[in-house]
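Trainee: I am new to this structure. Please show me how to read its features, one after another.

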Amino acid sequence: MSLSLIGIIFVQAFFINNTLKNEGKQFTSDVKRSLISVSRGIEDKELLSYDRLYKEVVKNGRTPDTTEIRQLLIYDSFDEETNQTIRFRNAISEESFKVPALFFDIGTDSISISRFTNKSETKVYERSAIDGKINLNPIRKFTDYSTLDDISRLHYKMGYHKVYKNYPVYKRISNEEVSELLESQFAISGINTAFEYAIYDKDLSTKIRSENFELNPESTIGIPVFMDTENKSDYSLYVDFPERRKYLLSSILGMIVLSIIFTSIIILAYSSAIYQLIRQRQISQIKTDFINNMTHEFKTPIATINLALDSIKNPKIINDNEKVMRYLRMIKDENKRMHAQVENVLRISKLEKNELNISKERVKLHDLVEDAITHVELIVEDRKGYVKTHLNADKSSVLANETHFTNVIVNILDNAIKYSDNAPKIDVYTENIGTNILLKVSDQGNGMSKQVQKRVFEKFYREHTGNVHNVKGHGLGLAYVKRIVDDHQGHISVESEKGKGSTFIIKLPLIS
């Protein structure tokens, strides 16, 4: 189960990581497509002025400043059947116009715009049948004129790029124009995150840049701009996205959240199952110890009762009233002891089901302490020990059930006696803290470890001592104590150190 759970977590992490990488690749691809569009937009914006100028020249039909034949082709052919000579002539002429640079800021007075024209001419000459000479006047003539706009445009662009090649980039385009083009294109591509940009001339930054741009080779995406006719350029437009990772994560946030929720549910369910298994094992062990302790504690009184009964049956004793009464008292005491054990178990069961009726009334806590001490003082004296009281609280009136709370104090005192290998030395303190009264029961007995302190108030729990039953009990006394204290809106805790004794502290609210 653990390996499967770990495998599920790793598969989820691997899937999310791959999805994030794919989103990153798609993001980079979208950005590059957007930058290509921006690059074209920058160049189109720069050539827009030329378009206006060129159209103006063509529309007005201006007379060219110079005309030059750039290409000439002449071809003759003879037809024997008709005795005619056909001459084909094709010429491409370049007409140059000097136009004022009104739309350009390149430091020149005028710009030369060329228009290329194609003229094709076909003439048919008649040849003399007598001497074979050609008549100088053609019998037929065909002429065709066409303007080669595409060639003119390409020729202009070549010259235009040569002029601008070494011109400062900040005079070719502004920060505002670049920013607007980028924002517009990113919006079309669905890229809605902050960006920083800059245009670099080779490896040097130019004035066209945003304030917080930083060139980061790992995250910055760039593309050439202002390319010449050979698709080469010294300028590159770079864009960086400071919140790129956050943006990518937001795109798969829903999937990540659902994955975390479902994986967490599986982990919680798995942890709960493991906890229940461990808890059930602990409870099983505690119940086993409880049964062993109960069995041990019932064996002694049962054996005592059997021995007393066998003694009474003895003819020598049955007539001895004093001895018979003594054995009867022993039987009664042992019977009361077993009855007390059963009652204690039933009392805890009723507490668990909230069926135990605990009526409370105004009592003096000092009176309950004195009463509880009388229940154990004979045992303490028999073991050569003592119980000393230090009742320093000025106010001791509490709302409590006299019987149950006396049992609480008796249980704590009984524990202090049982877990003292030597003579029990017990001190009982009371003091007022604000609107509460503190009751402390300190002993100098065996003490307990930190681990035992955490579980000492659990039902059926006893410090594990193997098969040694040197201390009688069934792990219910302190569980009963805690339930009664809690029912009185109080609080109980323990401070202890192994080999140095324990101090049980009960805090109860005072009543006026």
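**Reading the features**

Mentor: Glu370 lies in helix 8; helices (H or I, at least four residues) and strands (E, at least two) are DSSP runs, numbered from the N terminus. This is a predicted model, in which local features need pLDDT of at least 70, side-chain atom pairs count only at pLDDT 80 or more, and totals for chains, interfaces and linings use all residues. Residues are numbered from 1 along each chain as its sequence is written, and side-chain values use heavy atoms, with hydrogens and water left out.

Trainee: Is Glu370 buried, partly exposed or exposed?

Mentor: Buried means under 20% relative accessible area, exposed over 50%, and partly exposed in between (1.4 Å probe, protein chains only). Glu370 has 39% relative accessibility, so Glu370 counts as partly exposed.

Trainee: Which residues gather with Glu370 in a patch of negative charge?

Mentor: Patches take residues with over 30% relative accessible area and no salt bridge, joining like charges within 9 Å and nonpolar side chains (Val, Leu, Ile, Met, Phe, Trp, Tyr) within 5 Å. Asp and Glu count as negative, Lys and Arg as positive, while His and the chain ends are not counted. Here Glu361, Asp367, Glu370, Asp371 and Glu402 form the negative surface patch. Helix 8 (residues 365–382) gives the most to it, with 3 residues.

Trainee: Which residues make a nonpolar surface patch?

Mentor: Leu253, Val257, Leu258, Ile261, Phe262 and Ile265 make one of about 550 Å². Val257 is placed in helix 5 (residues 253–313), and Val257 counts as partly exposed because its relative accessibility is 38%.

Trainee: Which residues touch the most other members in the largest nonpolar core?

Mentor: In soluble globular proteins, nonpolar side chains tend to be buried together. A nonpolar core is a set of buried Ala, Val, Leu, Ile, Met, Phe, Trp, Tyr and Cys residues joined through side-chain atoms within 4.5 Å. The largest one has 39 residues, of which Leu365, Phe405, Ile409, Leu413 and Ile506 touch the most other members. Elements that give two or more residues to this core include helix 8, helix 9 (402–418) and helix 11 (477–487). Helix 9 gives the most to this core, with 8 residues.

Trainee: Where does Asp414 form a salt bridge?

Mentor: A salt bridge is a side-chain nitrogen of Lys or Arg within 4 Å of a carboxyl oxygen of Asp or Glu. Asp414 pairs with Lys418, the closest N and O atoms being 3.7 Å apart. The two are separated by about one helical turn because Asp414 and Lys418 are 4 residues apart in helix 9.

Definitions and conventions
Accessible areas come from the Shrake-Rupley method with a 1.4 Å probe; for residues, only the protein chains shown count as cover. The place of a charge is taken as NZ of Lys, CZ of Arg, CG of Asp or CD of Glu.
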